[in-house]
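Please open the model in a viewer and follow the stops below in order. The tour begins with a pair of helices and then moves to the ligand.

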Amino acid sequence: MGVIDELKHAVKGHILTKEEELLPYKTDASYFSGSKPMAVLLPSDVSEVSNILKICNREGINVISRGGGTSLTGSATVLTNSIVLAMTRMNRIIHISSEDRYAIVEPGVRIDDLNYELSEIGFMYPPDPGSSIAATVGGSISTNAGGLRGVMYGSTKEWVLGLQVVLSDGTVIETGGRVLKRSAGYDLTALFVGSEGTLGIITLATLKITPLPERIGRVIAFYDSIERAGAATAIIKKSGLTPITAEFMDKVSLDSISKNMGLSFSDSGNSDYMLIVDIASTDESLNRHLEKALSLIKGTGPRSVRIIYDETEIRNITNSRKGLYSSILSERDREGQYAVMGDIVVPPSTLSNALLDIRNLVGKYGFKVALFGHIGDGNIHANIIVNPSDAKEMERVSALMNELGRIALINGGSVSAEHGIGLEKKRLLRMEMEYKESSRNIELMTSIKAVFDKKGILNRGKLL
Ligand SMILES: Cc1cc2nc3c(=O)[nH]c(=O)nc-3n(C[C@H](O)[C@H](O)[C@H](O)COP(=O)(O)OP(=O)(O)OC[C@H]3O[C@@H](n4cnc5c(N)ncnc54)[C@H](O)[C@@H]3O)c2cc1C
């Protein structure tokens, strides 16, 4: 029996091998073009994943696990001599315990689907990437995704209690568990979070859940000055208020959502920057907290600021923020163009300076760039529209990304906030470690990779 037949047998026929079936799996949402995989396997349980890995380990075939394929760094992009392990059939919510505050789910469950189920009992799973309609639990754990609620709840790493993982030789292990506290040796669960499918395949996750906030209200503000917009969230946080969401968009982003989604603001006065701050609270104290946020924001000198009570307007703004990346993609005006996404983070207290430096930097290069981000946790995205197959242009993009990374590091932040490393930020990861005079970290990561994946068959060429 040939290897493909053996793999087909391992997944009971759930395999794609025809040219037209394989093409959609070549790449993810990043700008990397990728190669055609040898086959796409769609396992339905852990024993099938284990059997696939035994075969691939024996044959030295590279295995690229894939959830929703929304990676922006090329972490699910296919390199040569690879099979794709599409986890989408493993999409069951196994158990929810509101008293113990956890949910046990398969990796192919989409984040929005999990949150829909949880909302029925008044709970939620807080990590909320803009891609939550398509991104899966397995993919978001593997990239340590953040998202819109990071300012209050942090990123995915805070919400993973335990994992079932298939190692490169097919061995199945369990890490962590169902309890909030555990002090039992090295934290292997944490090691898999953000490992981008390079250490093992996640086949089950035990996630922390939390009650839905009683009420959420919103304040929006428009600014002419990027530094002032940048100062607002630190001032709000210093006052003791923690927004559940604090987002920022520049004029390129605002014009794009106005054109593509019909959302515009009569009070924006054609301002260059918008701030969106959501406050979660109880019914009794929501107004008091919103008024406090309003007054703090007023003190930062916006052109206009107001509280929004209208549910439809709140929903429309959220939807356009979540659809912003797609909207910006439609701004491409030359064939072959795509978006390269910068994803840096700084402590909110340094945002004002960092944003000013970023704006000046971007202006120097002359690319079309949309600046937006989860400003409440200091995360800024610079979305650069370029043609990835134009080597000269990409050289300049690379220089811009380096300078962007430097701004993050100088301000005490990181070159990658929430999208991971993938193919795109390997150089920046090294830069960060060199800046911290801790290049040994890369050696340690390389050694860890070798322990978990001796033959290097798990997402080869990514992250390190
Ligand atoms: C429009 C848009 C908005 C976005 N907004 C955000 C945002 O706000 N915040 C944010 O953090 N990210 C954001 N992203 C990036 C991306 O959506 C997230 O990183 C997401 O978590 C990836 O999930 P996925 O299921 O699509 O994973 P994939 O893209 O399929 O895979 C990502 C990585 O996880 C690995 N992987 C997948 N499943 C498994 C598994 N079962 N076991 C082991 N490894 C696995 C893959 O090999 C790959 O390395 C956005 C992307 C888009 C396109």
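Angles under 35 degrees count as roughly parallel, over 145 as roughly antiparallel, 65 to 115 as roughly perpendicular and the rest as oblique. The model is predicted: local features need pLDDT of at least 70, side-chain atom pairs count only at pLDDT 80 or more, and totals for chains, interfaces and linings use all residues. Residues are numbered from 1 along each chain as its sequence is written.

**First stop: a helix pair**

Select α13 (residues 351–365) and α14 (residues 391–410), which pack at an angle of about 165° with axes 10 Å apart. Axes are lines fitted to C-alpha atoms over the stretch in contact, and angles run from 0 to 180 degrees between N-to-C directions. The two helices, α13 and α14, are therefore roughly antiparallel. Next, display the side chains of Ala 354, Asp 357, Ile 358, Leu 361 and Tyr 365 on α13, which meet Arg 396, Leu 400, Glu 403, Leu 404 and Ile 407 on α14; contact requires C-beta atoms, placed from the backbone, within 7 Å. Coloured by class, this contact shows 7 nonpolar, no polar and 3 charged residues.

**Second stop: the ligand**

Select the 36 residues around the ligand, of which Gly 67, Gly 68, Gly 138, Gly 139 and Gly 197 come nearest; the criterion is a C-beta atom, placed from the backbone, within 6 Å. Then highlight β3 (62–66), α5 (137–142) and β10 (201–208), the elements giving two or more residues to this shell. The largest share, 4 residues, belongs to α5. By class, the shell holds 12 nonpolar, 20 polar and 4 charged residues, with Gly counted as polar.

Technical notes: Contact = placed C-beta atoms within 7 Å.
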